[in-house]
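Welcome to this tour! Have your viewer ready, and select each item as we come to it.

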Amino acid sequence: QLQLVESGGGLVQPGGSLRLSCDASGFSLDYYDIGWFRQAPGKEREGVSCIRSSDGSSKSADSVKGRFIISRDNAKNTVYLQMNSLKPEDTAVYYCATDTPQWLSMCVMTPYDYSVWGQGTQVTVSS
């Protein structure tokens, strides 16, 4: 059974940093892409970043490029999202997800392509 558990969220001041973790169980990161998503109150869930299983290549949304970094530790079966220079508009519940169609040739940041989700972790950026 594929399972994901996010952690590392919290309250941080603008300009601060947080590192989110996504712990995977029941499968290996060697074979499954991982995506990070966020959902703010009243808004749709949006893709933040993703990392490809086969080669570790990644993509990020324009809104977080240069500030957020996705990485993975296959030995720990964990994916991280390092978030720097945080802004109030980054406030949201952050989710990691996996289990995308096998025919995809790269990781994607579209929520409907992912079928297994974690419970989410709240990130609040406020002074």
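How many bridges join strand β1 to strand β3? Select residues 3-7 for β1 and residues 18-25 for β3: the two strands run antiparallel and five bridges join them. Please keep in mind that this is a predicted model.

**Stop 1: strand β1**

Stay with β1 and show its side chains. L4 and E6 make up its covered face, while Q3, V5 and S7 make up the uncovered one. Now pick E6 and look across to β3, where its bridge partner is C22.

**Stop 2: the disulfides**

A disulfide is a covalent bond between the sulfur atoms of two cysteines. A search of the whole structure finds two of them.

C22 and C96 form a disulfide, with their sulfur atoms 2.1 Å apart. C22 belongs to strand β3 and C96 to strand β9, so this pair ties together parts that are 74 residues apart in sequence. Are these two cysteines buried or exposed? Both C22 and C96 are buried. If your viewer shows torsions, look along the S-S bond: the link of C22 and C96 is right-handed, with 80 degrees about that bond.

Next, select C50 and C107. Their sulfur atoms are 2.1 Å apart, and they form a disulfide. C50 sits in strand β5 and C107 in the loop between β9 and β10, so to find both you must visit distant parts of the chain, 57 residues apart. The torsion about the S-S bond of C50 and C107 is about 65 degrees, so this disulfide is right-handed. C50 is buried, and so is C107. Number the bonded cysteines in sequence order, and the pairing reads 1-3, 2-4.

**Stop 3**

In soluble globular proteins, nonpolar side chains tend to be buried together. Select W36, L81, M83 and Y94: these residues have the most contacts inside the largest nonpolar core, which has 27 residues. Among the elements that give two or more residues to this core are β4 (34-39), β8 (78-83) and β11 (121-125). Which strand gives the largest share? That is β3, with four residues.

Zoom in on M83. Leaving aside neighbours within four places in sequence, M83 is in contact with several residues, including L18, L20, F68, Y94 and V123.

Apart from this core lies another one, of seven residues, among them F37, L104, C107 and Y114.

**Stop 4: aromatic pairs**

A pair of aromatic rings is described by the distance of the centres and the angle of the planes. The whole structure holds five aromatic pairs.

Select F27 and Y32 to see an edge-to-face pair, 4.9 Å centre to centre with 65 degrees between the planes. F27 is buried, with a relative accessible area of 10%, and Y32 counts as partly exposed at 23% relative accessibility.

Now move to F37 and Y114, also an edge-to-face pair, 5.1 Å centre to centre with 75 degrees between the planes. F37 lies in strand β4 and Y114 in the loop between β9 and β10, so the pair ties together parts that are 77 residues apart in sequence. F37 counts as buried at 0% relative accessibility, and Y114 is buried at 5%.

**Last stop: S115**

Finish with S115, in the loop between β9 (92-98) and β10 (116-117). What does its side chain touch through a polar contact? The partner is the side chain of D99, at 2.7 Å.

Notes
Residues are numbered from 1 along each chain as its sequence is written. This is a predicted model: local features need pLDDT of at least 70, side-chain atom pairs count only at pLDDT 80 or more; totals for chains, interfaces and linings use all residues. Side-chain values use heavy atoms; hydrogens and water are left out. A polar contact is a pair of N or O atoms within 3.5 Å; within protein, one must be able to donate a hydrogen and the other to accept it, and residues adjacent in sequence count only if both atoms are side-chain atoms. Buried means under 20% relative accessible area, exposed over 50%, partly exposed in between (1.4 Å probe, protein chains only). Two strands pair if DSSP finds at least two bridges between them. A nonpolar core is a set of buried Ala, Val, Leu, Ile, Met, Phe, Trp, Tyr and Cys residues joined through side-chain atoms within 4.5 Å. Contact means heavy atoms within 4.5 Å. A disulfide is a pair of cysteine sulfur atoms within 2.5 Å. Rings of Phe, Tyr and Trp (its six-membered ring) pair if their centres lie within 6.5 Å; planes under 30 degrees apart count as stacked, over 60 as edge-to-face and the rest as tilted.
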